[in-house]
Every structure is written in structure tokens, then in C-alpha cells.
Amino acid sequence: MQWTNKGSALLLAGALVALTGPLAAAGTPGHPRAPRAPAAAAQPAAGSVAEAAAEPADGPDPIDFAVVVDQSASLADKDLARETEAAGLLSQGEISERSRAAVIGFGSSEKAGQSPVREVCDLTVADAAGRERLSRCVQLLNKRDAARMGPGTDFPAAIRQAVTRLTQKTQKTQKTQKSTPGGAAAKAPATPKVVFLLTDGKLDVSDSPEYGADPANRQSNGERRLTEELARARAAGVQIWPLGFGTGIDRAALTAMAEGGFRGACSDVPGSVPHMRVVGSSADLDKALQETFAAARCARIAHGTAGKPPADLTVVIPPIATDGSLTVSKHDPKVRVTYYDPAGRKVPTRGEFDGSTFEVGGQDGPVEALRVKNPLPGRWRVHIEAPEGHGDREVAVRAIWQGVLRSDVTLDPASPRAGEEVTVSVRMQTRRGVTVTDPRQLADLTVAAELRGAGFAPVTFRLADDGRAPDRRAGDVRFTGTLTVPAGATGDLELTTRMSAPGVTSDRRPLHARVTQGTPLLTAGLVLDRATVHPGSTVRGTLDVTNNDAGPRTLRLAVENLTPGAELSVSPATVTAPPGGSTRVPITVTVGGGTPLGELGGRIAAVDPGDGDLVLDDGFLDVLVVAPPTWWDRWWKAVVGGAAGLVLIAGFVIAQILARRHRRDLTGVTLELREHGRVLDTLTVGRGQGARGSFPFAVDDMGGAPPTLRRAREGASSGAHVLRRTGTGQLLLRPRGGAQVPLRPGEPTGLDAYELVVRGGGTARGGRSGRARTGSGTGGYGSGDGYGSGTGGGGGFGTDDDFDFDTGGGSGFRTGDGADSRTGTDSRTGTGSRTGEGDGSRTRTDREGRIPRPRRFGRPGRSGRSDRSGRSDGATDHPTTTGTGSETDTGTGSGTGFSTGTGGTTAGDPDLF
């Protein structure tokens, strides 16, 4: 071909530079590097590290893998069926739509027409259409054809077939090679290549003529051939992950396979290097193979629940997951599956919903999987149903997931000099730009960084989040490290971080910087406050600028790596620094009202537009956005305090009301109707009859019948007597048609022609209870002019309504003329009641004897023989004493006599003492 014009020649030169420039040598194959996102594109200086033209592909890194399944005669049909389902789990559960999968069955070749391998699924891209194709072709593993495959176990042939398929060039690559001038071809992306080999036995090629005419040497030849194929796999970068099941496994052979292939790993996480695994039976194969697959591609497995249809199964996807697949081992294609996100919403099997992308595969096969991009974290529900006759097998759900994190990197100083120590800080963000702040989500995470540039060999160093200098605080998910820029650095710098953890990987986006030569003319230092703000609030900071140039220089403040959806503005947008001095400028970052809540990611950078948008300094936005306070948030303390005060006041008032009501309650009060000290009738106020502090009653006096007390109707209080008690416990009596008068418990008060005594049921203040006591007393001496004798006995019970206590003894003295006659019932504390004949008076030495006898209203008193009923009114302040006793009074002339008596003592009224 002959180029005919200068434009064509320049176009060719540009293409060659793009294909063979420094970045192709410096970048990691398969992961093109992107420039740090500046406010305006900067032109790289001569000799600098070139920037990649494309951003890293979104989503998890792809892998090429082959599932190699043992179909030898040693396997039962059920074991082969489980192998088939396990192979389907891998092809359907792969989380990257750019991955490729192949499925190969193997046995042996022992006669004409037979082949040791059968490729049921050639290398197929695992996108939506490819997964459906893989779901169908993998079922061919269940069909063994003895005419086309022998019963032995030919490991060398199986590995050779898998390595060949994984390393063959695609048609696109072949076309590129043919069209490239000079035969130079761009290297294909370095995609991990993995073989998963399933077997229940050991190498068996004893009947395969391919391994020699002498059957005795075939096994040794087969072992030698296996070693050669493993060396070929190692050279081609193909990993071998053997998985055996059953009891006839040659563990040493499986270990040799794992160690004989390529020993690379997807990360530095322990367990990601190829190794063999053995399980007890084929029943454990699906679980073990998925775990092996996750280890090989730096993913994680979340085991869910299992059950028979109809049932709801669940599995948890963590917040850090950015890509995942929910795999359902149905066994029966008739089982139907419905998926619900952690919010309880049914999700589609195709398309986008609430920021997530969904794609189902294998619905018509025994294994089904829902691939989710940006899954909602939490507990997912998988509902399974089956028609009658198809729900007898247990269905299991699992989730395979990976968190592809983006690194947000700062370099301090932003433009270092050669030989200067720099501090590198890294924060992690999810694909949605959410900054990861929970260290539990990044357990066992290791972070490393690599610095590349012109004039020096790449330098690798580790970063830590352990609180040791230069790390600011342990557990804040900000990894920090230091390194010294090599003395030979002359131009642009490229810093790439790499994160490794179970289920976590990074996108390896580079940070670009430039080496400063000599003393810089312009330097800047940016400091931002750590703050918790509400949407619409502001964050403060300062920018210090030193301008050593001859004229003024203007800097621009830019926002980089901003959280999606965040609304931020920086004021001032530009800062002009006068020459020959330092300037400090306060800056304000305004958080817009539409900014989503949570940790705010991103950086603020001070950029020099006059030097190709060179970043002089930058700082993380260490800002937490929370919901604005509600009225309750602002005033809850005052409201709670006021409510507590009102509750206390209300409780006090209610307690006072209840106490007052209790003091007014007349329940248990007994009314005694008396005549000349003799009790005619009693009436006790029942529960609820005097709860309001008022009790109407009447005296029924029917001619010759004894008078009685009865309760009057509530509405008839105007024609009845009314007993009341105030809130302080004071008793009041309002006789029918009369004025209200106070009462003292136990003290008689006139009522018509009778006396009324109120006892018991007391609630007066200061009351206390007393204990019943017994006592005995002897005493009494009488003198008179006549002779009299008398005996008496009585029984009863006494209560003390006031302050009197008696120790059980008493004495009396009587004088009289003739017969001693007393009317009424005599009661003494510690002495029994006595009656006799004669007239006289008595002197009492007990305290109660000093109480004057009550006033009497109504009928005049009677004289003569006493009518004793065995009851007596109290001789104390207000006591009533009853008891049993006997008395003999004799007197001659001077009327001397002697009396003895025993009786019960008083007991204090619990309410009125």
C-alpha cells in the first residue's frame, strides 16, 4: 500500500502511538487506566505517563472458565445428574455478562469411534442469550453414549481439551491480527482462565491404546502425559481447581493437578490460589462447587434456606455487594420462581427497577439464576411453586456476589518533588458513589498502591487503617500510607490502588500527578472541616495560597468524584493570589437541598488553570448528611420535661383527690342508737353506701316496738338524718330538720329522744391500730348504812377511739346507803362489767375515769334495778369495753364490800388513734 498524502501518514502515526505508547507497557493488561477526573482536560507534558483513552469497564471483571465433568462408567446415573446440575449452577450463576464458559464431559477412548472427551457446550459468552444456550446444552451431560466414549478416566485428554478452548483466540482477535500493519497485534485482555474438574475416581487409561501398545505401561504413560498437560496449562496461565467426591478419590493426584497448573490468583486473599477439594458424596457437590467457583473468581457465597414447593426461601445480600446472582437449584424445570427484594417488592426478571438491573437465566432448566447489578442490600425472598407431582424435591437458594469498589485517592503533596515523601490516602466507594464507612463490611481487606512514572521502576507499597501514623484513626475505612518519590522521577506520575478481600475487588482507576521541578512558584494548602450537616447547610474550610511568581495567579476550586445525586457548590469558585506573598481565603461548600442522606463522597481540589489544570492540593469531603431536625427533634427535651412535670402534678392531684375521697368514705362506720346508755339498735354503713361522704338514715319508732335504724333512700335526705364526713375526716350530723353539728366518734349525741353513737370505719388523720389485750383486776370497797348484795356478769368487746391505753388493772371504791343500784352498763379498762343494787357513786383511778359522763337528751333517766345486756360504753376518752366478770357486793352497817372481776382490755381504734 502506498500513502499518497501527508494527512494519511499523520493518521497512521497517531494510530501507532496510541497502540504502542507508554501506557500499553505500564498498564495492567485487561484493565485500561483512566485519568483522574479534572475540571478540564490537561495536556500531558513531554515524557509523561500517557493517560488511557477509556474508562475501566463497568461491572465485575470477566473470567473464562471450563467445567470438565467425569462421565466414566464408575458414576451412577444420580451422580452424573448432580454433576450436571452443579455445572449448570456455574454457567447460570456467573455474575459478569462478559465472562465465557465451556462445558466438557470426559471418559476414555478404547476403540474405534470413541473419543475421550465430549464438548457439550463450546466457549460461550455468558450474556442473556448465552446463558439460555448454556442452560440447554449442559443437559447433554446426562446422556452417555458407550459407542462414542469409553468407560475409563482420561485426565490428560480432559485438561488438554479445556486448556485449548480457553486459550484459543477469538475470531475478532484473529481479524485484528490480519489487519494490523506489520503483523503487530494488540494483546487481548488478560482475563483469568480457570478449569473446574469434577471426578469421582482416579486416572484410568489402562484400556486406552493411545497410551501405548503394552497395557502394563499405559498407566505410567498416562501419568507422564498428565504432567505434560499440566505444564502446558501453567505456561498458558490456566488454573486447575479439582473437586472430587466419593470414597475412591486419589487425593495426591488431585493435589498434583491443582499445583501443576497456573498458580496465579485473583487476589492476595488466602484461599484464592488453586487447590483441590473433596466432599463425601455427589449430594454435596453443588454447594462445594459454588464455593470453589467463588474462591477462584474473588467472589463470596451467601447460603440461603431450602424447602419443598410451595415455600418462601430467603438469602441475604450485604450492603457492599455491587453485583450478584441468586441461584436456585430447582432440580425440576416445572418449579416456578418469583423474586422479591428486601423491601418486599416483586422484581422483574428482565430490565431495570429502582436503580438495579435484572436478568434471569435457566427458567426452563433444573437450575435458575437471577443476575442483579446494584442489588438492594438485605434479605431477599424467593417464592417457589410447583404443579402437582413436581414438588417432592428440596429446592435451595444461594447468592454469589462481589463488591467492585472505586478508590477515591488523595496525594499529599499533590505535586511532589523527586525524593520527597508523600502521603497517600484512599477511601472506598460503591458503584453508586456511596462511601463505605462500616469497617465490618471490609473485614480482612488489604490495600496496596503502585506508583509508576518516567525515570524510575514501579514502586509498590501497602496502606493501612490501623491508627498508626500516618493513618489518622483506626477503623474509619480510610487507608493511609507513605512512600518516597524516586529521585529519578522527571515527569508525570500514575498512582494505582488495589484492594483485596473476600468478595471485594477494586476498579484500579489511576490517580495522575506531576513531579515538581525545583521550588514551585505556586503552592496551596486546603483544609476542610469535618461536619454533620443537613441538606441546605454549609461546610467551612480554608485555602492558603503562596504565590512566588511575579504576577497574580488565579486558582480554581473544583469538586471531584462527587457522590451521584449530590448537589454541591464551592464559594468562591476562584481565588486570586497576589504576587510575592501568602493569602488565606475562607471557603464555603454548600450542600444542596436535593443531596441524598449519608456519607458524602468526593474531594475539593485547588487547580491551577495556568499550568494545565495542575492539582496543587485537594482534600476529602468528610461530611455526613442527615435529615433536617423536625419540630420534635428540636423540642423533645422540653416536651418530655413538661410532660413529666404535668404527670407528677396530675399524680399528686389525683392522689390528693383519692385520699380526700378515702377520708370521706363512711364505709364500715357503725351507728348505735341508745337510750340511757343502753344500745337499742345498730346500723353499719356498707360498701358503696357512703363513698361520697354522706349517709342518710332514719329511726323507725313504731309504738311499742323497739326503735330501729335503717338506711334512707338517697333522694330522701331532706326527710332523714344525714351523717357526713368531710375531706379532713371530721364527722358531721345533720338531724332531720335540724342544724348540722360535729360528732366525736364514740361520744353520744342527742337524736330525737335517743342518743346516737358513731363508731368504727374511721379514716381520721393520725389514726393507728392497737392490739387486743386481756387483763384482770380486783378491787372495790363499799360502805353504807344498809345491806345489799348483787351479782353480775357481762361479755363484750371494747374499742378505744382515742389515746387511752390500759395495762389491765383497775380499782374502784363505792359508798352508799342501802342497796346499790346502777342503771346502764359499766365498762372499765382491765375490769369486768358489774351490776348491783343500791345507790352510790364510784371513784375510778384509771385514766378514763376522768372523762365526764356524756350529756343526755330526751327521756328522763330511770332508776331501780339495772337492765344489764353485757355491753357498756367506754370509760376512757371514747372507749367501749366488753368482757365477762362476776361481782359480789356485801355490806352491813357501814356497807363494806369487796368485788372481784376479770375482763378484756381495750383495743385502740386504728383509724382514730
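Q: What makes a residue count as buried, partly exposed or exposed?
A: Buried means a relative accessible area under 20%, exposed means over 50%, and partly exposed covers what lies in between, with a 1.4 Å probe and protein chains only. The areas themselves come from the Shrake-Rupley method, and for residues only the protein chains shown count as cover. The model is a predicted one, in which local features need pLDDT of at least 70 and side-chain atom pairs count only at pLDDT 80 or more, whereas totals for chains, interfaces and linings use all residues. Residues are numbered from 1 along each chain as its sequence is written, and side-chain values use heavy atoms, with hydrogens and water left out.

Q: Why is Arg398 called buried?
A: Its relative accessible area is 8%, and because buried means under 20%, Arg398 is buried.

Q: What makes the pair Arg398 and Asp286 a salt bridge?
A: A salt bridge requires a side-chain nitrogen of Lys or Arg within 4 Å of a carboxyl oxygen of Asp or Glu. The N to O distance for Arg398 and Asp286 is 3.8 Å, so the pair meets the rule. This pair links distant parts of the chain, since Arg398 is in strand β15 (residues 395-412) and Asp286 is in helix α9 (residues 285-296), 112 residues apart. Here helices (H or I, at least four residues) and strands (E, at least two) are DSSP runs, numbered from the N terminus. Asp286 is also buried, because its relative accessible area is 17%.

Q: How many salt bridges does the rule give?
A: The count comes to 41 salt bridges. Some residues are linked in a network of salt bridges, namely Arg160, Glu210, Arg225, Glu229 and Arg232.

Q: How do you know that Asp622 and Arg530 form a salt bridge, and where are they in the chain?
A: The closest N and O atoms of Asp622 and Arg530 are 3.1 Å apart, and this pair too links distant parts of the chain, 92 residues apart. Asp622 is in the loop between β32 (614-620) and β33 (623-625), while Arg530 is in the loop between β23 (522-528) and β24 (531-533).

Q: Are Asp622 and Arg530 buried or partly exposed?
A: Asp622 is buried because its relative accessible area is 13%, whereas Arg530 counts as partly exposed because its relative accessibility is 49%.

Q: Why is Leu600 called buried, and what does it touch?
A: Leu600, found in strand β30 (residues 598-600), has a relative accessible area of 2%, and therefore it is buried. Contact means heavy atoms within 4.5 Å, and, not counting residues up to four places away in sequence, Leu600 touches several residues, including Arg427, Thr435, Leu568, Leu621 and Val625. Leu600 and Asp622 are 22 residues apart in sequence, with their C-alpha atoms 6.9 Å apart in space.

Q: What makes Trp636 partly exposed?
A: Trp636 has 38% relative accessibility, so it counts as partly exposed. Trp636 lies in helix α10 (residues 631-664), and a nonpolar surface patch of about 630 Å² is made by Trp631, Trp632, Trp635, Trp636, Val639 and Val640. Patches are made of residues with over 30% relative accessible area and no salt bridge, where like charges are joined within 9 Å and nonpolar side chains (Val, Leu, Ile, Met, Phe, Trp, Tyr) within 5 Å.

Q: Why is Cys298 called buried, and what is its phi?
A: Cys298 counts as buried because its relative accessibility is 7%. Its phi is near 55 degrees, a positive value in a residue other than glycine, and Cys298 is found in the loop between α9 and β7 (300-307).

Q: How much of the whole protein counts as buried?
A: Of the 913 residues of the protein, 48% count as buried, and the secondary structure comes to 10 helices and 48 strands.

How values were computed
Accessible areas come from the Shrake-Rupley method with a 1.4 Å probe; for residues, only the protein chains shown count as cover.
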